[in-house]
Amino acid sequence: MSNNRTIALIYSEQDNAMIEGGVKGWVTNFHKFLSTLMYQITRENPEIKLINETSFSAVELDDYSVILVVATPNLAKEKVIMSALNSHGKKWKDHGKLNADGVARIFKVLKRPYDPDEALPELEDLLTYDFYLVDPLTGDPQEFTRFFGTDAERSYWMKLVDMAYDINHVLHAKEASEGSGVYETIPREKTVYLASTGVDMVIQRDIIKRELIRHGYKVLPDHSLPKESKALERMVRDDLDRCRLSIHLVGEDYGYKPRGSELSVVDIQNRIASDHTYQMVEKNKEAKEDEKKPFSRLIWVSPDLKNVTERQKIFIEDLKSDAAALEEAEVLQIPLQELKTIIREELVTGGRFNVRRDIKGLEEEKTGKKTKMIYLIADKRDVSDIDDIESYLKDQGFNVVSPSYEGDLVDLRYIHQENLRRCDATIIYFGQATEDWIKTKLQDLLKAPGFGREKPLTAKAVYFRGEKDVDLEHYKKNNAMVLGNNGGTFNPEHLKPFLTKIET
């Protein structure tokens with residue numbers, strides 16, 4: 001293999017037709033932008049050589065350190081090029097030269113949706129770089145013809161920057177030795193499984209992936225997922241075995257279904273990760289302290305869901321119910337920026353509950369005192385509306401604590417979990433909050449033993465202020481008392497059943 005750091009950009013001339021308005025072709029623009037980025041990143045000028053049907057030479061493939069293939073149906077018709085790329089990819093694989101420090105030397109570039117596996121079977125395991133936009137409402141793909149603007153900045157340019165850094169990584173990596181694995185240099189504690197998503201979560205996934213890589217983490221899968229369900233399941237299990245944490249981003253799109261399955265790839269990955277979490281919990285129970293392998297799972301549900309199908313609603317509810325059973329799994333419906341903070345905490349501290357710490361806003365735990373603690377949980381929007389309930393409970397001699405709303409997100413979560421661990425009973429206030437928020441807090445109560453809680457709750461309730469169009473059976477199934485009335489005015493009589501249960 002040549003060490004001259006020359007890059008081949010292979011394409012079909014039909015994919016470089018002039019764009020409407022006299023703009024140069026898609027490939028020409030791609031070449032120009034990538035060349036500029038490579039210079040900005042490296043301060044060098046690696047040559048990116050444009051190669052189409054008329055200038056292609058199979059014998060020259062050995063001269064390139066990196067090969068970029070603009071994979072389209074037009075290029076797939078060029079049998080000589082396809083045959084040469086397959087042969088070259090197989091040769092690099094057989095000699096352990098295809099990967100450089102875990103990044104493949106051949107990049108599959110998609111300017112529009114297309115499955116190149118049939119034409120390039122030797123490269124089917126390699127990730128594709130998708131340089132097109134998918135409308136989250138209609139699912140329709142849109143090829144970029146305007147390379148500047150909000151959509152282009154969020155999709156095209158972010159992906160192009162990622163590719164430029166990956167290419168630079170390959171150009172400056174040491175040669176991979178024959179038979180070496182791509183996972184040897186990165187320990188399990190620094191490896192994260194970031195599940196593939198529906199089309200509406202692709203940008204959010206790219207943001208999280210970029211953040212993880214920037215902090216030195218290995219992100220799996222680092223290969224294309226198989227299109228057949230059994231092969232997909234095997235690959236997901238193998239990848240999860242190498243990871244400390246799995247992250248699943250869920251939006252409005254259920255995702256595509258692989259061959260042989262009625263479940264989407266998003267659903268399959270979640271189910272396998274759930275099974276893996278249970279298995280790791282059981283193994284760690286039996287393992288010696290120094291042999292335990294912590295594993296946790298974060299499921300992020302977009303807080304901006306609008307057009308959700310009935311199928312997706314069921315999927316999300318199943319996720320929440322499953323996660324409620326394990327402290328190692330958590331469903332979050334928070335802004336993406338806050339999710340990034342949670343991920344860093346999970347990875348840096350080795351888990352949310354490993355370290356006890358002093359935090360402003362957390363009351364010192366009282367010992368030897370008979371006063372019972374009631375945790376009054378309310379959304380930030382309802383803080384001023386719980387004063388009457390809080391005052392009445394304190395007048396009755398109870399120690400009333402509430403969530404903290406100001407400060408670092410990680411500390412706020414810790415305070416919430418410590419209150420759940422310490423309290424004797426809890427009331428969740430249902431005012432301006434959404435029902436999803438209320439259900440999340442009910443699930444937190446189920447997970448309280450995972451925070452170190454040893455005693456059972458003497459009572460738990462949801463206090464309704466104002467009329468709510470909800471299914472009350474859900475609360476009964478969760479053994480939660482329903483308090484309040486539709487009038488919206490607090491009356492001490494509303495709390496009588498709750499207080500009676502505490503005392504008895």
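A: In helix α8 of this predicted model, the buried residues are Q312, F315, I316, L319, K320, A323 and A324. The spacing of such positions can be read with a general rule in mind. An α-helix has 3.6 residues a turn, so residues three or four places apart point the same way.

The helix covers residues 310–324, which makes 15 residues. From its first C-alpha to its last, α8 reaches 21 Å, close to the 21 Å expected at 1.5 Å a residue.

The next element to consider is a neighbouring helix. α7 and α8 pack at an angle of about 10 degrees, and their axes are 12 Å apart. Angles under 35 degrees count as roughly parallel, so α7 is roughly parallel to α8. On the α8 side, the contact is made by R311, F315, L319 and D322. On the α7 side, V266, D267, N270, S274 and Y278 take part. Two of the α8 contact residues, F315 and L319, are also among the buried residues of that helix.

Helix α7 spans residues 265–286, and the loop between β12 (245–250) and α7 contains S264. S264 has 0% relative accessibility, and therefore counts as buried. Its side chain reaches the backbone oxygen of Y254 at 2.6 Å. Leaving aside neighbours within four places in sequence, S264 is in contact with Y254, G255, Y256, K257 and P258.

Strands of a sheet pair through backbone hydrogen bonds, either parallel or antiparallel.

Strand β10 (residues 191–194) is joined to β11 by 3 bridges, and the two run parallel. Within this pairing, Y193 has L220 of β11 as its bridge partner.

To recap, α8 reaches 21 Å from its first C-alpha to its last and packs against α7 at about 10 degrees.

Note on methods
Residues are numbered from 1 along each chain as its sequence is written. This is a predicted model: local features need pLDDT of at least 70, side-chain atom pairs count only at pLDDT 80 or more; totals for chains, interfaces and linings use all residues. Side-chain values use heavy atoms; hydrogens and water are left out. Two strands pair if DSSP finds at least two bridges between them. Helices (H or I, at least four residues) and strands (E, at least two) are DSSP runs, numbered from the N terminus. Buried means under 20% relative accessible area, exposed over 50%, partly exposed in between (1.4 Å probe, protein chains only). A polar contact is a pair of N or O atoms within 3.5 Å; within protein, one must be able to donate a hydrogen and the other to accept it, and residues adjacent in sequence count only if both atoms are side-chain atoms. Contact means heavy atoms within 4.5 Å. The expected span of a helix is 1.5 Å times one less than its number of residues. Axes are lines fitted to C-alpha atoms, for helices over the stretch in contact, and angles run from 0 to 180 degrees between N-to-C directions. Angles under 35 degrees count as roughly parallel, over 145 as roughly antiparallel, 65 to 115 as roughly perpendicular and the rest as oblique.
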